[in-house]
There are 2 protein chains.
Amino acid sequence: MAAPQTARRVQRYDTASLLAVAVRVFTERGYDGTSMEDLARAAGVSKSSIYHHVDGKEHLLHLALERALDPLFAVLEEPAATQGPALARLEHVLRREVEVLVAELPYVTLLLRVRGNTETERWALQRRRDFDAAVAALAARAAQEGDLRADLDPALVTRLVFGMINSVVEWYRPKSARGGGAGSRAETDGLADAVLALALDGLRAR
Amino acid sequence: MAAPQTARRVQRYDTASLLAVAVRVFTERGYDGTSMEDLARAAGVSKSSIYHHVDGKEHLLHLALERALDPLFAVLEEPAATQGPALARLEHVLRREVEVLVAELPYVTLLLRVRGNTETERWALQRRRDFDAAVAALAARAAQEGDLRADLDPALVTRLVFGMINSVVEWYRPKSARGGGAGSRAETDGLADAVLALALDGLRAR
């Protein structure tokens, strides 16, 4: 089912394809440890043809991190995230967060490994903190509305729930994925169901 | 409260102190990216004085990973982990896992970042899989005994609970820690309580 060789060669010069290569190399070697030479070699193109698409390594990092951050922030604007009881909004956001994570797995993986050595990395860390704060505020609101228990430190449990969700990038490899695709709808639903069941109701039999 | 300078200098040449430096450098730069020169520079000693203690870089990695793995496996042998209903044994193991993680934070952090490029790394990954399988078996047993819900895929929820616990190394910095210490008993208890409350009963108000 491979694409024709010529189509592949043309595609290699797309910014999106360059980004897919860059995100893989950044994740494998670390951003600091990756040179423009490494990127050119991995993409099978010259450095100058990379500069035809982007200003440099940090520009590529910025584009890659946007591809994770933009859909996450878009979730917060969806009607189901902004209307109704806070618990239902929280459930929607966590479910959609899992979906974005699966759909943009390599990009979210890179986002979660960002260190903060450059301006772009610090910007991404701040955006992550903003996203986490928005979800934590929703959880606090749901506790105020009496739908979430109030006996646990909200900051602590928010960290733990994010830890659980973010761990998905470490081990989740969609069974149904083809060539780096995102897996089937049913598979993603099953994962999101398990995350919500565990976070809201826990493992104990009732 | 700093130790006298001379005591520090002597201490630097202990294997334990060398290990503390090595684990920090391995975690910062990655094991592959760390040379014996890097380790000698970070420890403030010569390469030959490192070879006085260990056979080389991989030996240091092995010792560091043992310091995380040995106490984790010791937990599985404790009476409270081997006697009684499976749910109580599971609770004990998860609580003690959090305690080991906090007590040996830098070593468990390194363990969780191991890739598998060397024999020692592959050995550590196998030991991690063995530990995870032992805990997953305990969870399966608790479900058979009717104490854990049976409607969730056990492999999936085990991954998620480990993800939640392992995420602790990413963000937990004990408030009461001095000079890399492990934090107070009460603080560790609070963290373990939150992990167990979330994993077993979830966030929903009842």
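This is a predicted model: local features need pLDDT of at least 70, side-chain atom pairs count only at pLDDT 80 or more; totals for chains, interfaces and linings use all residues.
1. Residues are numbered from 1 along each chain as its sequence is written, chains are lettered from A and ligands numbered from 1 in the order in which they are written, and side-chain values use heavy atoms, with hydrogens and water left out.

2. The C-alpha trace of chain A spans about 60 × 40 × 30 Å along its principal axes. Of its 206 residues, 47% count as buried (under 20% relative accessible area; exposed is over 50%, partly exposed in between; 1.4 Å probe, protein chains only). Taking contacts (heavy atoms within 4.5 Å) in chain A between residues at least 6 apart in sequence, 66% join residues at least 24 apart.

3. The contact between the chains takes 34 residues from chain A and 33 residues from chain B. The area buried there (accessible area, 1.4 Å probe, that two parts lose on being put together, summed over both) is about 3,200 Å², with carbon and sulfur atoms giving 63%. L160(B), L203(B) and R204(B) supply 23% of the area that chain B buries against chain A, more than any other three residues.

4. Four salt bridges (a side-chain nitrogen of Lys or Arg within 4 Å of a carboxyl oxygen of Asp or Glu) are counted between chain B and chain A. In one pair, R204(B) bridges to D201(A), with the closest N and O atoms 2.8 Å apart. On the chain B side, α2 (15-29), α10 (154-166), α11 (168-171) and α12 (185-201) each supply at least two residues that touch chain A. Of the elements of chain B, α12(B) gives the most to that side, with nine residues. D201(A) is buried at 18% relative accessible area, whereas R204(B) is partly exposed at 28%.

5. Over all chains the structure holds 30 salt bridges. Within chain A, E170(A) and R113(A) meet in a salt bridge at 3.4 Å, N to O. E170(A) lies in helix α11 (residues 168-171) and R113(A) in helix α8 (residues 105-113) of chain A, so the pair ties together parts that are 57 residues apart in sequence. R113(A) is partly exposed, at 38% relative accessibility. Elsewhere in chain A, a network of salt bridges links E78(A), R96(A), E99(A), R185(A) and D189(A).

6. Six aromatic pairs are counted over all chains (rings of Phe, Tyr and Trp, its six-membered ring, with centres within 6.5 Å; planes under 30 degrees apart are stacked, over 60 edge-to-face, the rest tilted). The ring centres of F26(B) and Y31(B) are 5.1 Å apart with planes at 70°, so this pair is edge-to-face. F26(B) is buried at 2% relative accessibility, and Y31(B) is buried at 11%. W171(B) and Y172(B) also form an edge-to-face pair, 6.2 Å centre to centre with 85° between the planes; both residues are buried.

Note on methods:
Helices (H or I, at least four residues) and strands (E, at least two) are DSSP runs, numbered from the N terminus.
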